[in-house]
Amino acid sequence: MARVDPDVSKVSILGSESIILGFHLTEYIIRDVLTSIPASNYVLITDTNLAPLYLSNYVEVFKRVSSELAQQNGAKEPRLFTRILPPGELSKSRKTKDEIEDWLLSNAVTRDTCFLAMGGGVIGDLVGFVAATFMRGVSFVQIPTTLLAMVDSSIGGKTAIDTPAGKNLIGAFWQPKRIFMDLIFLQSLPEREFANGMAEVVKTAAIWNESDFVKLETGVDAVREAVLNSNSTIPLQGAKLDTRTEEQGLLLDVILASARVKAEVVTNDEREGGLRGLLNFGHSIGHGIEALVSPLMLHGECVSIGIMKEAELSRNLGHLSQVAVGRLARCLSSYGLPITLDEKKVKDRIGNMHCHVDDIMEVMKVDKKNQGDKKRIVLLSAVGKTLEKRASVVSDVDIYKVLAPEQLVLPVTESANGPRKEVTLTTPGSKSISNRALLIAALGQGTVRLTNLLHSDDTQYMLAALQNLNAADFEWEDNGDTLVVHGGAGRLVVPEKEVYIGNAGTASRFLTSVLTMIPKAEENKPSAAILTGNARMKQRPIEPLLKALTSSGAQIKSLEKEGFLPIAVTPTGGFKGGRIELSASISSQYVSSILLCAPYAVEPVELALVGGQVISQPYIDMTIAMMESFGISVERLENNTYKIQQGAYKNPEHYIVESDASSATYPLAIAAITGTTCTVTSIGSKSLQGDATFAVNVLRPMGCIVEQTETSTTVRGPPIDQLKPLPTIDMETMTDAFLTASVLAAVTSDPQGENITRITGIANQRVKECNRIAAMVHELTKFGVTASELPDGIQIHGKPIKDLKAPKEGVHCYDDHRIAMSFAVLASIVPHGTIIQEKKCVEKTWPTWWDDLEHKMGVRINGVDLGKKKGQVGNVLGRVSGKTNKMDHQKSIVIIGMRGVGKTTLGQHAAEVLGFQFIDVDQHFEKVQKITIFDFINTWGWEKFRIKEAETLQELLSNPQYHRNYIIACGGGIVEPEGSRAVLKDYCRQGGKVLHLVRDMDHVASYLNRDTTRPMYGEDMMGVWKRRRGWYREACNFEFVAHAGSLVEGGWVSPRDWIAIKKDLQRFLLFITGRKTNHVDIKSGRIGVPTTFVALTMKDLRVHQDRLVEICEGADAVELRVDLLKQPEDEQKDDLKSYIEYVGEQLAILRRTVPIPVVFTVRSKGQAGTFSDEDEKGMFELLQWGQRWGCEYVDVEICWSNSAIENIIATKGESKILASWHDVRCQTPWGSTALEARYETADKYGDIIKLVGVAKSMNDNIALENYRITKSEGKPMIAINMGAAGQLSRVLNEVLTPTSHPALPHKAAPGQLSLAEINTARHLLGLLPAKKFWLIGTPIQHSMSPTLHNTGFGALGLPHNYGLLECHMVEYVEDALLKDLEFGGASVTIPHKVNIMKYLDQVNESAKIIGAVNTVFVRHEQKEDGSLQRKLIGENTDYIGIMRRVQPLMQDPTNPPEQGLVLGSGGTARAAIYALYSMGIKKIYLWNRTTSKAQELKQVFESLCDVTVLESLDNAKIEPGVIVSTVPAESGLELPEHIYGGIKGIICDMAYKPRRTKLLLQAFAKGWSCVEGIEVLISQGIAQFEIWTGKPAPIQRIEDEVLRKYEL
Ligand SMILES: NC(=O)c1ccc[n+]([C@@H]2O[C@H](COP(=O)([O-])OP(=O)(O)OC[C@H]3O[C@@H](n4cnc5c(N)ncnc54)[C@H](O)[C@@H]3O)[C@@H](O)[C@H]2O)c1
Ligand SMILES: [Zn+2]
């Protein structure tokens, strides 16, 4: 072979030009090495893949050149050693290194040696490291043979080997003397290895140089050609410049550029400072993925995905445009690299393995480049440019969001700032218009610049297809914002490879016709054009289109299923044309497809649409209008026939693609559903798109205010929950928008009507990305919305937003962008957040949808990964802090407890409350064994009975029939054998509930002594209890204390106590089953009124029981400080009552006395309490009891060990955790990092965070307030300072401020204030302005109302005042009501209860039905513009007053009497009937002296309840359980005796002077319970007070005060 002196390019690194690139360098390399790195020994190491191809040539040349040189300078020829290693990463080991070293040493190789590493990164890293340590370091030369080795591993001097602990952990920095890049090596490189290296090349261009990147983008084919097509005929082609092909030149350019960047970076930053970190772009996330999928996927493949994720991260953070992200994606995939983990290429390699985000993040945690616990990631600001000159610090949340496959969308109503009031945005270009514009421009003549083109998969596929067809030449301008199309005027060739269009529907239909335009197949090229798509695309029918095209002479073959993709189109001389008949009832895209190609047909086209109604006419019109803007006219003839002008399209200079009208519906719908305003620019009344009328034709009738200009649309939504349903709406002209309309229809309200929206005219939506109608029905149903399919549409029942429940597993999107986006709209309002699966599907039309949703529309989102984690079974929902065992609240409840505690009675009551069935294990036993327990024990003995009993229980619990909705009551001895305790404990572990019922054992004993029907224990009952109580407790996870104050004669619990116990049990059950959790509404927007809890400080609540009501007045919750409780010594001594029983009883007493939620707190000494600091076990045992007893809140100090805290969280059930930290020793000042650490712990574990500091001066409060602001977005937080100096912080804290009360023995903490003090202080600080309240009516001088309300205001320290506004004419109150901004509310009495309504903005349901308003209150509602709107609302509390008094007197309020009787027919009678109805009384009798008036009243209630008018009471055969009289006391009315019947009912007389009317006295004598008029009056006033203040009223104090005045 002739010798040539090759032309080489050199790159300088670390001050010398030691990187040399070129083609055919073998001889050059050897000469250079032998002359510039003289040595006695040369050691060439390579691998078994390379050796057969290149080694012999190298050896040959080496021999020749070395002997030639030796002759020249008369020196000794050097020795050449060669060694061939197995290929692959496994060779980078200690073992291989040892072997090489031993081999050389045994050959007496000395320090005078030079290594030649010929191979990929593996050989380079290994040989480099051997050279670095051999004889303390000898010289070495890199001859990289992979692309990766050329552009990356050979440059920089990093050498290393792997160990079992990880890759590259042992190594050294050791610079090679030379790096020779002979690009000829690349020709033998497998394609996948080439792509692997391209990832680094693309990465380098992306961070460094935009023009290098452009070369990569545009040079794809050339670069691949240079590498892969090695069948050149010229010898040594490329060695010299004159033989170098253009492609080779480009390849060298590209590699040179990349190598140069790496060399430059290394030179400036040899040992990894900031700059070198830039080369890590794509690697932070890439490594995280690589760790999970290696060796199934290569480094570069993972980096490629990493590049995309990190670019998306830059975009999400607002630094990078979507155009740039799209360019990166296209460039990487054009070199055969994967860009997401879900693409087929990846799945083929890794199978079904799921890379869980948590796992990726876990790997990233140990990245060397992290800064502490913050991650560092290279962010781009443009293609070729990084945000900073080093990696930027990025938060985990943001990384998680980008990586997560699912999106959690949070409702705007739950964000601290509420919804964003005013939004303006431009939505992405229309896909339909983009696709049409692309096709027309490509087919057109001349050059056109397209802008606002949609950058999406769809248009990308279209563009790629047009390039494949060689239809036109394309160029990007303005950083990708403008596409320049040099039209090919209709030229088309058969593409080399199949045209793949993914799931792009429009592109597939259009291209089907385009392929028939190809005139002929060229020689040596494929004979037919193949069009195919992904699996879903292959299920979308195109038969009518194929039929029409074949009938006009095209030759098309379906390759798989007839009438579906893939198809092969064989050219037959171009598109024939002539008259074409097409069925257009399924898709208008068929029509557009033919229309668009028609101008180029051989014969003029007349397109006749046949076969039923034409679908989506607007899209056809759009096509025609666009054809016309490109100079081709279409004539519409009779009978749906179109005649198309022949000729080529004329490209205008510019064409702006209009925004997508369907996309625009989503932001507009968010405005509609969240009551805010949104303007979408670039779409308006001028639009050609049907969906552009959505705002006017759908949103406006639903109650939105819509304004439209020619090019913009603005929508203002009504207040939340007030959208109106559309009984019928035909959406034929805007079918794609039906999904948006459907989610809005799910939340409409319609007090009068049926609240149903019916959308029709959308049949085509069944053959879109999925069957969208079925999909919407299915997904909406998951939210609890009633929806069903109509023949050509969908029907949806509206529902209040609060009743919507997001599906746990999230919304399934069917890979359909519109489903994802429309449910994102719904999710912006659904309580607690909604998961949207497959979030990536939006990229089809709106790649930045999630970014825009978050940043432009102000909807908070979070990443979620529902997939399986490494080595984990079952799903996890995102990252939950601590594991909580989610309980299945429908699961059967097992009741255990001593005999005689009431398991049967209370068990049956529990079943009633929960709607469960009741089953008694003993009875079940008798049924199954066919023998009574008594006989069984007498025959077989106790021991056998216990065994059988345990078996019965086990069998019951494993029988599916009893799995759910049963109360299973066990015999008292069930806990005796260990086996049954294990069964019960197991049941708890599986999420079941085992409820232990307890009562005071003294009481039980005296009760049981009366009972002789059951077998006796044969031993002392107390002894039994002492033995068993530990067992009951370990076997249960809930305990209910049935507290009875005292017993009546004979050991029975008094009926009153039973009612109370049942009520307590009901509350308890509703709590533990999550049905009514009684939690404080912390977030409610009652401006100026903070929530508080009063901290009890007593040793024994029994001693102070009569003061508890007073102490708790106005508080939202009450704290039981368990560490302060002290059991009297005498009770401790006889061991009758354990400490736990004492605490349980204390809690029961508290429950009995006040209805507000309980905070269960055990404060340790170190945290300002009294519980031992050492006894962690005891502490958490106690806290566990707080949960077992169903306390709404349990205070957990975060100073204890994590495992203990996590355990308690796992079993917390419905109890909320108040995670608290008390900085008693002043170690964690506000704002310090020490405190931040505490905050994070509390945030992790708590539902509510409680941080308590100590104030020494006012500055400490200021520091606290500054700190509080920084956490305003976080979880609810109690943050206060102890000490007198800290009082201000207690005034300013707005969430559950701990308070004291004057009636308490002492304060729980220094500086604690009472509620009244806090309110007074807030008033003085201007946080709680005084309001005026009035009584309106006449005569009113003797009214009790001022006393009532002013007493209440005073008790709570509220600055308000209640006064009299006496007037005959309601007009006199206008000023006070409407104009006075200090007006807070009013009571209304005769004669204005009806007239007042004209001044009100709204009258509530009950007041409407009763027909009278007695209460006016003010509510401030937020308007669209964010300002507050003052609304006056009317309510009627008379009926509430009756209910509040009558209901507690019922045996069982959940089971009210059948019949009720109302006397009188005036206004009060209306309230009475409504009260009876509201209490659930089915049959209501009405009597009035004048029957006709009663008849009139009956009419009023006709539609609501069953009212029967009695002509006379004397012979009425009725048995009312409740009687309400509204007849004046003066009438002296008494009832005929038989009305009272045999039952003991409840009677209420609304007349309140005298206190006991004649009627009440009569009823009382019959044994009836009586409710006095004054009592009802007080109760309705209290209801009023609570409406006005939003606070529980100080009932006791009000009642005492009013009665005192009344008696005067
Ligand atoms: N030192 C650094 O700065 C640095 C940087 C990046 C990567 N690395 C290391 O590089 C290694 C990966 O390098 P790699 O991707 O080159 O892998 P590699 O060395 O394993 O080579 C890939 C495969 O291609 C074969 N091959 C190489 N050249 C060929 C050719 N011209 N024709 C035909 N087959 C050929 C090899 O035999 C091997 O099977 C890893 O160990 C990695 O840690 C080091
Ligand atoms: Zn890399």
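Biologist: Which residues is Thr 740 in contact with, leaving aside its neighbours within four places in sequence?

Modeller: In this predicted model, Thr 740 is in contact with Thr 665, Tyr 666, Ala 669, Phe 694 and Ser 822, once its neighbours within four places in sequence are left aside. Thr 740 itself has its place in helix 24, which covers residues 738-745.

Biologist: Is Thr 740 buried or exposed?

Modeller: Thr 740 counts as buried because its relative accessibility is 0%, and the cut-off for that word is under 20% relative accessible area. Gln 617 is found in helix 21, residues 617-629, and is in contact with Arg 636 and Tyr 642 when neighbours within four places in sequence are left aside.

Biologist: Which strands pair with strand 26, and in what sense?

Modeller: The general idea is that strands of a sheet pair through backbone hydrogen bonds, either parallel or antiparallel. Here, strand 24 (residues 603-610) pairs with strand 26 (residues 641-644) in the antiparallel sense over four bridges, and strand 25 (residues 634-637) also pairs with strand 26 in the antiparallel sense over four bridges. To follow these pairings residue by residue, look at Val 605, which stands opposite Ile 644 in strand 26, and then at Glu 635, whose bridge partner in strand 26 is Lys 643.

Biologist: How many residues lie between the strands in the hairpin of strand 25 and strand 26?

Modeller: There are three residues between the strands of that hairpin, and Asn 639 takes a positive phi near 50° in it.

Biologist: Where do strand 19 and strand 21 stand in their sheet?

Modeller: The sheet is an open one of four strands, in the order 19-20-22-21, with mixed pairing. Strand 19 (499-500) and strand 21 (555-558) stand at the edges with a single partner strand each, so one side of each is left without a neighbour in the sheet. Within that order, strand 20 (residues 529-532) and strand 22 (residues 567-570) run antiparallel and are joined by three bridges, with Ala 529 having Val 569 as its bridge partner in strand 22.

Biologist: Which residues of helix 49 are buried?

Modeller: As a general idea, an α-helix has 3.6 residues a turn, so residues three or four places apart point the same way. In helix 49, the buried residues are Ala 1469, Ala 1471, Ala 1472, Ile 1473, Tyr 1474, Ala 1475 and Leu 1476. Helix 49 (residues 1467-1478) has twelve residues and reaches 17 Å from its first C-alpha to its last, which is close to the 16 Å expected at 1.5 Å a residue.

Biologist: Which residues are the protein donors of the zinc ion (ligand 2)?

Modeller: The protein donors are Glu 200 through OE, His 283 through NE2 and His 299 through NE2, and they lie 2.0 to 2.1 Å from the zinc ion. Along the chain, these donors follow the spacing E-x82-H-x15-H. Glu 200 lies in helix 6 (residues 191-208) and His 283 in helix 10 (residues 283-293), so the pair ties together parts that are 83 residues apart in sequence. Both Glu 200 and His 283 are buried.

Biologist: Where does UniProt place the feature "active site"?

Modeller: The unreviewed UniProt entry places that feature at Glu 272, His 287, Cys 841, His 1222 and Lys 1250. One of these, His 287, has its place in helix 10 and is partly exposed, with a relative accessible area of 30%. Leaving aside neighbours within four places in sequence, His 287 is in contact with His 299 and Val 363.

Biologist: How many residues does the largest nonpolar core have?

Modeller: In soluble globular proteins, nonpolar side chains tend to be buried together. The largest nonpolar core in this model has 98 residues, and those with the most contacts inside it are Ile 896 and Leu 1096. Apart from it lies another core, of 88 residues, including Leu 183, Val 201, Leu 278 and Ile 307. Across the protein chain, buried residues make up 58% of the 1608 residues.

Methods. Residues are numbered from 1 along each chain as its sequence is written. Chains are lettered from A and ligands numbered from 1 in the order in which they are written. This is a predicted model: local features need pLDDT of at least 70, side-chain atom pairs count only at pLDDT 80 or more; totals for chains, interfaces and linings use all residues. Side-chain values use heavy atoms; hydrogens and water are left out. Donors are N, O and S atoms within 2.8 Å of the metal (3.2 Å for Na, K and Ca); water is not among the atoms, so sites may look incomplete. Helices (H or I, at least four residues) and strands (E, at least two) are DSSP runs, numbered from the N terminus. Buried means under 20% relative accessible area, exposed over 50%, partly exposed in between (1.4 Å probe, protein chains only). Two strands pair if DSSP finds at least two bridges between them. Contact means heavy atoms within 4.5 Å. The expected span of a helix is 1.5 Å times one less than its number of residues. UniProt positions are given in the numbering used here, feature names are shortened, and annotations may be inferred rather than shown by experiment. A nonpolar core is a set of buried Ala, Val, Leu, Ile, Met, Phe, Trp, Tyr and Cys residues joined through side-chain atoms within 4.5 Å.
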